[in-house]
Amino acid sequence: MQKQISNLDKLTLSNDFLFKHVMLRKRICKHILEELLHTQIADITYLEAEQTIDVYPDSHGIRLDVKIADAANTHYNLEMQVKNPVNRATGKFLLPKRTRYYQAMLDTDMLQKGQDYDELSPTYIIFFCLFDFFQDSQRIYTFKKRCLENMNIELADEAVIMFLNTLGIKGDVSPDIQSLFDYINSNTINSNFTREVADTIVEIKNDKKVRDAYMTYEMRMKDLRDEAHAEGKAEGLAEGKAEEKTATAKRLLSMGLSVEDIAKATSLSVEQVEKIKAE
């Protein structure tokens, strides 16, 4: 228990858990949105923090850090992204298609049965990234759908995806947003706004309810890591057994045994042995 509490004390804003709790402070979150979008927002409402949306029984659920709507019914999803995830099997980066899936799930969750498509609210999916995914040094990368044949034509679906590159040096952002980037990167306080964020973090860490919630969160994360490790170990064992069967089949083939006898001896199918033989 003491170790978990110590871990909470060491957390910085780049941590999902702490980021969520800071963004739950309305004044801070509202100010960030206003500074990013260069607009005034009358008020924001928290739809559900750290919400998991599972639209279909077999779908891949997504965990949303902070989901918000403003007074004009524009919906925002704010995410902290520390690492640039890669599919180990394909070597492809996951972030682009993750945004596509997030958007689909948000829209499906938003549109109730019987509603028209034009009732979908404008949406902003905003990732705070501690890396430059597009490697162009922009502070902000904003994506909307446009016609490739004429880039002046925009598909007005009111869906916007923003990647905030905290390491960026190109493009203008407000002083408060730049100071927030500096604070995320190095815990440096260089503005009244980041002083407010830092003071809020101290307050959050001293909140008993938050400390109790963090212990529960840590235990849940540990269970998930243990489960993933067990699954990986089981997959490794299965792969090892499959390789062993293949090696045995090759040895028996070299000894002149029939495909049928080898299939019985290794528990492989006749088709599998035939494939090994052909190789």
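Visitor: Before we look around, what counts as a cavity here?

Guide: A cavity is a set of grid points where a 1.4 Å probe fits but cannot get out. Keep in mind that this is a predicted model.

Visitor: Okay, how many cavities of 30 Å³ or more are there?

Guide: The count comes to 1. About 40 Å³ of space lies in the largest cavity.

Visitor: Which residues line the largest cavity?

Guide: The lining is made of Lys67, His75, Tyr76, Asn77, Leu106, Thr123, Tyr124 and Ile125. Strands β5 and β6 each supply at least two residues of that lining.

Visitor: Which residues do the ring pairs link into a cluster with them?

Guide: The cluster holds Phe93, Tyr102, Phe127, Phe133, Phe134, Tyr141, Phe143 and Phe163.

Visitor: Switching topic: what about the inside? Which residues touch the most other members of the largest nonpolar core?

Guide: That core has 39 residues, and the ones touching the most other members are Leu13, Val22, Met23, Ile32, Leu78, Phe128 and Val197. Helix α3 (residues 26-37) gives the most to this core, with 6 residues. Another core, of 11 residues, lies apart from it, and its members include Leu95, Tyr102, Leu106 and Ile125.

Visitor: Why would those side chains gather like that?

Guide: In soluble globular proteins, nonpolar side chains tend to be buried together.

Visitor: Let's zoom in on Met23. What does it touch?

Guide: Leaving out residues up to four places away in sequence, Met23 touches Ile28, Cys29, Ile32, Tyr46, Val66 and Leu78.

Visitor: And Thr74, where is that?

Guide: Thr74 sits in the loop between β4 (66-70) and β5 (75-81).

Visitor: Is Thr74 buried or exposed?

Guide: Thr74 counts as buried, because its relative accessibility is 11% and the cut-off for buried is under 20%. With residues up to four places away in sequence left out, Thr74 touches Ile68, Ala69, Pro122 and Tyr124.

Visitor: What about Tyr217?

Guide: Tyr217 is in helix α7 (residues 208-254). Tyr217 is buried, with a relative accessible area of 11%. The C-alpha atoms of Tyr217 and Phe17 are separated by 8.2 Å, although these residues are 200 residues apart along the chain.

Visitor: Which residues have a positive phi without being glycine?

Guide: Gln135 is one of them, with phi near 55 degrees, and Ser267 is another, with phi near 65 degrees. Most residues other than glycine have a negative phi.

Visitor: Where do Gln135 and Ser267 sit?

Guide: Gln135 is in the loop between β6 and β7 (140-143), while Ser267 lies in the loop between α8 (259-266) and α9 (270-278). Gln135 counts as exposed at 71% relative accessibility, and Ser267 is exposed at 59%.

Visitor: Last one, the big picture: how many helices and strands are there?

Guide: The protein chain has 9 helices and 8 strands. Of its 279 residues, 38% are buried. The chain exposes about 17,100 Å², and carbon and sulfur atoms supply 51% of that. Among contacts with a separation of 6 or more, residues 24 or more positions apart account for 56%.

Note on methods:
Residues are numbered from 1 along each chain as its sequence is written. This is a predicted model: local features need pLDDT of at least 70, side-chain atom pairs count only at pLDDT 80 or more; totals for chains, interfaces and linings use all residues. Side-chain values use heavy atoms; hydrogens and water are left out. Rings of Phe, Tyr and Trp (its six-membered ring) pair if their centres lie within 6.5 Å; planes under 30 degrees apart count as stacked, over 60 as edge-to-face and the rest as tilted. Helices (H or I, at least four residues) and strands (E, at least two) are DSSP runs, numbered from the N terminus. Buried means under 20% relative accessible area, exposed over 50%, partly exposed in between (1.4 Å probe, protein chains only). Contact means heavy atoms within 4.5 Å. A nonpolar core is a set of buried Ala, Val, Leu, Ile, Met, Phe, Trp, Tyr and Cys residues joined through side-chain atoms within 4.5 Å. Accessible areas come from the Shrake-Rupley method with a 1.4 Å probe; for residues, only the protein chains shown count as cover. On a 1 Å grid over the protein atoms alone, a cavity is a set of points where a 1.4 Å probe fits but cannot get out, and a pocket is an open set with protein on both sides within 12 Å along at least five of seven lines; lining residues have an atom within 4 Å of a point. Grid points are joined across faces, edges and corners, and a volume is the space filled by probe spheres set on the points.
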